[in-house]
Amino acid sequence: MVVIHRDELIELCRNALLTAGAGARDARVLAEATAEAEVIGNRAVGVGHLFDYLDGYAKGRISKDAQPVVRRAAPAVLDADARSGLAQTAFTDAFDDLLEATRESGLAALWIRNSFTCGELGYYARRLAAQDLVALAAANSPALMSIGGAPRSVLGTNPLAYGFPRPGRAPVVIDQASSATAFVNVRRAAEAGEPIPAGWALDRGGEPTRDAAAALDGTLLPFGGHRGGNVALLVEVLATLSGASFSLDAAPFHEGSSSPGIGVFVLGIDPATFAGSTERLAGQLDILCAEHDVRLPALERTAPSDRVELEAAALQRLKDAAATDQAATSTQRIPTDEH
């Protein structure tokens with residue numbers, strides 16, 4: 001493993017995106033979001049997933065000159081058309097209006113449609129929580145998962161995230177897929193020729209499998225049986241209300257030349273509407289940890305590090321994608337344990 005500074009990772013990601021044809025603004029927004037996913041440890045949607053974006057730009061699944069259109073559909077409702085571009089950029093364009101609407105009404109919602117995949121969904125909740133708001137986010141994706149006993153994929157991995165502020169400390173952010181695992185984890189196992197745990201997937205014939213390659217040809221499974229499927233269905237409804245593609249209708253995010261056109265739903269709630277609610281909530285979380293031995297990574301997370309640990313092969317692949325002059329901009333190695 002190699003450890004590099006967060007700012008260096010952002011620059012490598014930005015250069016790779018510019019090389020792939022992304023506009024300067026999209027490259028900056030997505031590079032920062034990618035580095036953030038790595039910093040918090042959500043690597044499934046960090047640098048590894050960035051290569052899906054690079055391929056998306058190269059093959060036309062992501063528009064290189066998309067200009068999101070944001071409108072206030074109602075006093076507490078915003079609608080953003082990503083126009084086959086990035087959900088992260090559409091969210092950035094709508095962010096100030098969403099904050100204003102949330103503070104005016106106590107809560108407000110944003111729907112993003114016609115976008116590429118959402119990336120790390122916690123990114124959206126975290127940005128609102130950093131502004132002292134409670135946040136909920138949901139996004140669908142191209143169909144990769146079975147629910148209700150279906151032998152083939154009918155919904156995406158459809159993640160759900162939420163976040164809330166804690167005065168003087170890092171906000172709490174929970175981000176999880178509705179599937180038993182992320183698609184990229186199965187793809188990584190297939191590339192490495194490794195088996196996957198039971199309960200992750202079905203093969204093409206609808207039978208349980210531990211063969212990662214067979215799983216890629218089949219379908220993922222929801223976490224917790226039908227309960228995870230119920231969550232995925234709720235996410236599908238929330239994410240597509242403004243006209244985004246249903247998972248069954250969405251083009252693949254990892255191949256082809258068409259945008260998936262999926263949707264993202266973000267809800268902001270202003271705790272200031274309820275006197276003392278933020279401090280009360282933070283106090284209850286402290287009680288859960290101190291008196292009841294609750295141990296959750298999201299509750300224990302502190303301020304993010306400015307260092308990122310990457311596999312050497314992934315870092316080299318990123319450098320190659322960025323067309324980096326190795327002699328001029330070689331990564332400085334920071335002592336770390338080898339894994």
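In helix α4 (residues 87–105), the buried residues are Ala87, Gln88, Thr89, Ala90, Phe91, Ala94, Phe95, Leu98, Leu99, Ala101 and Thr102, where buried denotes under 20% relative accessible area, computed with a 1.4 Å probe on protein chains only. Helices (H or I, at least four residues) and strands (E, at least two) are DSSP runs, numbered from the N terminus. The model is predicted, so that local features need pLDDT of at least 70 and side-chain atom pairs count only at pLDDT 80 or more, whereas totals for chains, interfaces and linings use all residues. Residues are numbered from 1 along each chain as its sequence is written, and side-chain values use heavy atoms, with hydrogens and water left out.

Helix α4 is also kinked by about 45 degrees, with the kink centred on Ala94; the bend at a residue is the angle between axes fitted to the seven residues ending there and the seven starting there. Ala94 is itself among the buried residues of α4. Just after this helix, Gly106 adopts a positive phi of about 90 degrees.

Pockets were then examined. On a 1 Å grid over the protein atoms alone, a pocket is an open set of points where a 1.4 Å probe fits, with protein on both sides within 12 Å along at least five of seven lines; lining residues have an atom within 4 Å of a point. A volume is the space filled by probe spheres set on the points, which are joined across faces, edges and corners.

The largest pocket has a volume of about 720 Å³. Of its 35 lining residues, Asn42, Ala44, Val45, Ala177 and Ala182 are closest to the centre. Strand β7 supplies the largest share of this lining, 4 residues. The lining comprises 17 nonpolar, 13 polar and 5 charged residues; Ala, Val, Leu, Ile, Met, Phe, Trp, Tyr, Cys and Pro count as nonpolar, Asp, Glu, Lys and Arg as charged, and the others, Gly among them, as polar.

The second largest pocket has a volume of about 560 Å³. Among its 20 lining residues, those closest to the centre are Gly48, Phe51, Arg188, Ala314 and Arg317. Its lining contains 7 nonpolar, 2 polar and 11 charged residues.

Note on methods: Buried means under 20% relative accessible area, exposed over 50%, partly exposed in between (1.4 Å probe, protein chains only).
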